[in-house]
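Here is a short briefing to read beside your structure viewer. It starts with the domains and then moves on to the chains.

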Amino acid sequence: MDASTTPVLEVRNITKKFPGVIANQDVNIRLMPGEILALLGENGAGKSTLMNIVYGLYHPTSGEILVNGEPVVFHTPRDAIARGIGMVHQHFQLVPVMTVVENVMLGDESTKLGKLDRKLVAARITELSERYNLAVDPHAIIEDLPVGVRQRVEIIKALYRKADILILDEPTAVLTPQEIEGLFQVMELLRGQGKSIIFITHKLKEVLHIADRIVVLRGGKTVGEADPKTATQASLASMMVGREVILTVEKEAARPTEVVLELEGISARDDLGQPALRNVSLQVHAGEIVGVAGVQGNGQTELVEVITGLRHADSGHTRINGKEMTNTSPRHITVEGESCHVPEDRHAYGMVDSYSIAHNLVLNTYFQPPFARNATINEKAINEHAAKLVEKFDVRTPSVQTAGRSLSGGNQQKMVVAREFSRPIKLLIAAQPTRGIDVGSIEFIHNQIVAKRDEGIAVLVVSSELDEIMALSDRIVVMYKGEIIDIVPRAEATREGLGLLMAGIKA
Amino acid sequence: MSAAATVAMPKAKRRFRTGTIVLAVAGILFLTMVILVNTVDAFGDNTWLRVFFSVSALNFTLRASVPLILGALCGILCERTGIVNIGIEGMMLAGAFAAFVAKVSTNHWPLMGSLLFGVVIALAVGALMGLLHGVMSIRYKMDQIISGTVLIILAAGVTAYLFDRNAVAEGKFSAVAIPGLAQIPVVGEVIFQNPPITYAALILVVVVHYGLFYTRWGLRSRACGEHPRAADTVGINVNRYRYFNTMIGGSLAGLAGGFLVLEAVGQFQEGMTAGRGFIALAAMIFGNWMPFGAAGAAVLFGYTQALQNELLLAGVTAVPRQFVSMIPYIVTIVAVSGFVGRVRAPAAEGKVYETEGGSE
């Protein structure tokens with residue numbers, strides 16, 4: 001058999017059913033030796049499920065997998081690893097309290113008379129890291145390492161197991177633009193040494209940049225293949241979504257007026273008591289959108305929590321509309337500050353999964369008339385209110401009595417946005433407003449945010465997606481290690497410039 | 001890539017250094033006092049010093065510590081793999097009763113054979129209790145706190161129901177002096193003249209520590225307790241490790257019960273574990289889920305029990321006995337509340353691990 005024409009990995013007619021959902025249906029993919037194949041699709045398109053099947057974590061309902069032309073059945077990841085398949089998971093599968101050595105050898109340990117041979121493994125890690133340009137200290141503890149380095153550990157983990165087929169599941173989601181560039185160099189180096197790579201992403205720009213071939217998944221099915229030389233972002237986007245998508249947010253220049261939110265010298269600590277915000281000062285004016293950019297975990301979460309009253313500030317002042325709001329209660333800030341908050345984790349802070357949509361829609365107003373009648377709840381008013389919002393914000397649901405948890409991510413987020421936007425407000429705080437939702441919903445929410453700005457509301461948007469920050473903001477605040485490293489007007493901002501700032505490098 | 005690439009701090013290695021120094025200094029001071037009190041008459045004549053530092057206080061400490069050490073090791077084995085075990089008390093009581101039944105039914109055997117049979121049965125019944133805990137919390141996904149509570153109530157009820165007050169176990173383990181080492185003054189008397197299960201407990205501390213941190217089994221077990229999915233993705237059968245370690249842990253708790261019957265008391269009494277399983281749990285937390293730490297905490301708790309006993313023997317009445325009996329519990333509260341901020345439980349403990357479907 002001719003080696004150059006046999007796919008190293010072939011997936012034939014794979015179908016995977018979960019109770020009530022078909023995650024993959026008749027999916028076909030061929031990975032050729034020494035190529036980078038991009039698997040493109042929206043959240044929930046079935047990319048991760050498919051790769052978990054290839055890696056032996058899930059078992060397909062039907063269909064078959066071939067490695068180097070031979071049919072294989074994977075019962076556990078161990079079987080897939082034995083066939084030379086390695087996977088870098090979207091959420092790193094590293095034990096935070098263990099060292100790099102321990103994590104790399106886990107499941108494939110070298111021992112000498114029953115004792116773990118850490119030295120031997122460390123030497124092999126050093127060898128691999130030199131060969132593939134993946135600098136890492138074998139004896140470092142994972143939780144002390146920055147995200148970019150953790151990802152290198154994951155790649156080394158796969159190479160240590162002699163993987164020839166590497167699956168990278170959304171590897172760029174957690175990286176700065178410079179780190180992404182570094183990752184791409186590593187991928188090219190790996191390809192140069194004969195490894196085949198499946199690169200999973202929903203970011204169009206990256207796909208066009210690095211892939212040799214593109215396969216698009218939508219709703220669990222393969223909808224087509226594209227050549228990065230001829231494809232455009234727009235053509236890929238419409239394949240992904242199944243209709244034409246407007247990728248940019250249409251908006252006019254901002255007309256900022258008076259200061260609505262004012263932060264002065266805010267310092268706060270994180271859940272572990274470590275400093276998370278250091279002397280942060282910021283002003284947001286009515287009629288402008290201020291975007292907060294930064295790699296996750298640089299104080300953005302704590303910043304939003306301090307503003308919304310969820311976290312105690314050790315020093316400094318928060319003022320909303322000139323009123324002192326420092327360390328008051330969230331309800332005080334919501335009601336007296338006339339502000340609203342779209343939280344970053346909708347399941348933990350944005351909604352009650354088991355409540356109906358109607359009840360979820362009054363979580364911030366149930367204590368006021370007309371929803372409250374003395375000590376009782378006015379269900380009729382709540383249901384009428386819900387019916388109106390569900391229609392206005394296009395929340396797709398069979399009924400307003402449906403439990404919040406049974407909505408899709410995009411509809412859940414629209415429900416949260418509907419609730420927060422439906423009160424008269426002067427300040428809007430939106431953290432990761434479009435995390436994990438489909439392109440259609442993203443478009444809708446972005447337009448809503450811009451509409452609020454045009455009504456003269458002050459908007460603060462926190463996002464780890466640089467594209468989102470670039471699309472929405474009038475001014476961009478970059479956070480690094482709990483400090484505002486710089487504030488850049490949108491017109492002067494470039495991806496490269498922001499990327500450097502996000503890595504803590506100020507020109 | 002360049003900026004982030006260079007950062008890798010060996011921060012973790014410095015985490016407990018101050019604590020270690022304090023402990024070392026306290027240990028040396030204590031040891032000096034022990035040697036002075038037991039060899040120099042001028043010190044030995046002082047009642048208070050005898051209460052705190054005499055050989056008899058230390059012997060009592062060790063005896064009181066053994067079930068706590070074994071119980072804490074049981075907790076460590078379970079929790080390090082991700083199974084919360086508050087049922088140590090029940091495992092211990094079941095082990096004690098099993099040892100008693102085994103001993104009584106083989107009273108006609110040669111003494112040593114009969115006692116060893118008791119040990120084996122205690123280990124086995126402890127392991128069965130561990131298996132039951134595993135089945136409830138892994139197979140049937142019961143909340144592990146509830147499952148642990150079930151073990152405690154089950155053991156208390158069944159042993160009380162089956163216990164025959166007329167049954168008598170004849171004989172118990174006696175001290176075995178280690179030739180040579182036992183002649184070392186003070187230290188030899190305390191450590192090297194003990195009955196077998198006491199030696200076993202001390203050795204097991206080392207064995208469990210070595211096992212957890214220097215073997216394949218230990219690395220995989222800890223991974224299951226910290227990040228089971230990471231273990232799963234490299235082909236480790238998480239639930240198999242959890243079952244296995246819960247059973248091994250259970251057998252150690254069973255041995256602790258065996259100690260009470262076969263080595264300490266010589267008989268069974270209803271509810272004879274008297275909260276030792278819970279103190280062992282506290283020792284495990286106090287010791288930060290580390291075998292040596294937990295053993296140290298167990299000895300500290302044992303020491304407070306010894307003080308109570310020594311004060312009584314020395315006829316000290318200035319301190320009400322009730323206050324002294326409170327000491328172990330107060331130390332437990334202080335230790336657990338004051339130190340819990342610094343210790344860290346295995347990240348995934350108490351969480352059911354499901355292989356297919358669920359989370360992505």
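Domain bounds here come from an automatic or database domain assignment. On that basis, chain A holds domain 1 (9-241) and domain 2 (259-338 + 424-502), and the centres of domain 1 of chain A and domain 2 of chain A, taken over C-alpha atoms, are 33 Å apart.

A word on conventions: residues are numbered from 1 along each chain as its sequence is written, while chains are lettered from A and ligands numbered from 1 in the order in which they are written. This is a predicted model, where local features need pLDDT of at least 70, side-chain atom pairs count only at pLDDT 80 or more, and totals for chains, interfaces and linings use all residues.

**Chain A overall**

- Chain A contains 17 helices and 24 strands; these are DSSP runs numbered from the N terminus, with helices being H or I of at least four residues and strands E of at least two.
- The C-alpha trace of chain A spans about 75 × 50 × 45 Å along its principal axes.

**Between the domains of chain A**

- Ten residues of domain 1 of chain A are in contact with 13 residues of domain 2 of chain A (C-beta atoms, placed from the backbone, within 7 Å).
- On the domain 1 side, helix 6 (177-192) and helix 8 (233-241) of chain A each give two or more residues, and helix 8 of chain A has the largest share, with three residues.

**Where chain B meets chain A**

- 27 residues of chain B are in contact with 39 residues of chain A.
- Helix 1 (2-5), helix 11 (216-226) and helix 12 (228-233) of chain B each supply at least two residues of the chain B side; the largest share, five residues, comes from helix 11 of chain B.

**Confidence**

- Chain A has a mean pLDDT of 89, and 98% of its residues reach 70 or more; pLDDT is the predictor's confidence in each residue, from 0 to 100.
- Within chain A, confidence is lowest in helix 8 of chain A, at a mean of 82, and highest in helix 3 (residues 100-105) of chain A, at 96.

Technical notes:
Contact = placed C-beta atoms within 7 Å.
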